Amino acid sequence: MRYHGEEALGLVETVGMVPALEAADKMLKAANVELVSYENVGSTLVTIMVKGDVGAVKAAVEAGAAAAAAIGKLTAHNVMPRPIRDIGDIVSIYDIDK
Amino acid sequence: MKKFEALGLIETFGIVYILEAADAMCKAADVDLVGFENVASGYISVLVRGDVGACKTAVETGVKAVEDMGSSVYSSVVIARPHQDLEKIIARYSLEKLL
């Protein structure tokens, strides 16, 4: 889904794709967020990005991070409440629908 | 393939172990091998689909097959009813697309 910035962005990064997929599933189910991207960034790191309201993204990231940590290794998680538009362009390089 | 069917995943080190796991998984239960991904640095994963019970059995058997060979899986999971957006991710790893 195209992400234009100026809207909350949630990120969860794991080692390997199994925890990442589990995290993505839990994030999408935990709150009203949409999947922006799923990317294998290299060196076994896989990143999930979702967008939505700040509160929803926070809840989603919490749920996703906990789920990933439970079955694998979580390397990073973050909530960006309102990134600038240019960040949206960078994120959209990895757009899942592209 | 029916959509939103349960999903079973295994990730381990190297193609030798993952092939053994995939073989054991598909023989153990009524699941279809739907995806394969060489994540990076030896991390390799396989995805199977089927009923929840079948996926659980398949993943258990896959993990055991890898352990019997003297290695261990990095992670494994069964997602009973994957969110519809996960279909987009699964589609990337579909064997049909990779071949």
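# Helix packing and chain contact in a two-chain model

In chain B, helix α1 passes helix α2 in a right-handed crossing, the term for a near helix turned clockwise from the far one, whereas a left-handed crossing has the near helix turned anticlockwise, by less than a right angle. Helices (H or I, at least four residues) and strands (E, at least two) are DSSP runs numbered from the N terminus. The model is predicted: local features need pLDDT of at least 70, side-chain atom pairs count only at pLDDT 80 or more, and totals for chains, interfaces and linings use all residues. Residues are numbered from 1 along each chain as its sequence is written, while chains are lettered from A and ligands numbered from 1 in the order in which they are written.

**The helix pair of chain B**

Two packed helices are described by the angle between their axes and the distance between the axes. For α1 (residues 15–28) and α2 (residues 52–68) of chain B, the angle is about 145 degrees and the axes are 8 Å apart. Here the axes are lines fitted to C-alpha atoms, for helices over the stretch in contact, and angles run from 0 to 180 degrees between N-to-C directions. On α1(B), the contact is made by B:Y17, B:E20, B:A21, B:A24, B:M25 and B:A28; on α2(B), by B:T57, B:A58, B:V59, B:T61, B:G62, B:A65 and B:V66. Two residues are in contact if their C-beta atoms, placed from the backbone, lie within 7 Å. By class, this helix contact has 9 nonpolar, 3 polar and 1 charged residues. Nonpolar covers Ala, Val, Leu, Ile, Met, Phe, Trp, Tyr, Cys and Pro; charged covers Asp, Glu, Lys and Arg; polar covers the others, Gly among them.

**The two chains**

Chain B has 4 helices and 4 strands, in the order β-α-β-β-α-β-α-α from the N terminus on. Its radius of gyration is 12 Å, close to the 13 Å that the globule rule gives for 99 residues, so chain B is as compact as a globular protein of that length. This radius is taken over C-alpha atoms, and the globule rule is 2.2 Å times the number of residues to the power 0.38. The C-alpha atoms of chain B fill a box of roughly 35 × 30 × 20 Å along the principal axes.

Chain A has 3 helices and 4 strands, and its elements run β-α-β-β-α-β-α from the N terminus on. Of the 98 residues of chain A, 49% count as buried; of the 99 residues of chain B, 46% do. A residue is buried if 20 or more other C-beta atoms lie within 10 Å of its own, exposed if 12 or fewer, and partly exposed in between, with C-beta atoms placed from the backbone. Among contacts between residues at least 6 apart in sequence, 74% in chain A join residues at least 24 apart; in chain B, 71% do.

Helix α1 (residues 17–30) of chain A has 14 residues and reaches 20 Å from its first C-alpha to its last, close to the 20 Å expected at 1.5 Å a residue. The expected span is 1.5 Å times one less than the number of residues. Of its 14 residues, 12 are buried, so α1(A) is largely enclosed by the rest of the structure. Among them are A:M17, A:V18 and A:P19.

**The contact between the chains**

The contact takes 19 residues from chain B and 20 residues from chain A. On the side of chain B that touches chain A, β1 (6–13), β2 (31–40), β3 (43–50), β4 (73–79) and α3 (86–92) each supply at least two residues. Strand β4(B) gives the most, with 5 residues. This side of chain B divides into 10 nonpolar, 5 polar and 4 charged residues.

**Individual residues**

B:S45 lies in strand β3 of chain B. Not counting residues up to four places away in sequence, B:S45 touches A:M17 and A:V18 in chain A, and B:L9, B:I10, B:E11, B:E37 and B:V39 in chain B. B:I15 belongs to helix α1 of chain B.

A:E6 is found in the segment before β1 (8–15) of chain A, and B:S41 lies in the loop between β2 and β3 of chain B.

| Residue | C-beta neighbours inside 10 Å | Class |
|---|---|---|
| B:S45 | 27 C-beta neighbours | buried |
| B:I15 | 13 C-beta neighbours | partly exposed |
| B:S41 | 13 C-beta neighbours | partly exposed |
| A:E6 | 12 C-beta neighbours | exposed |
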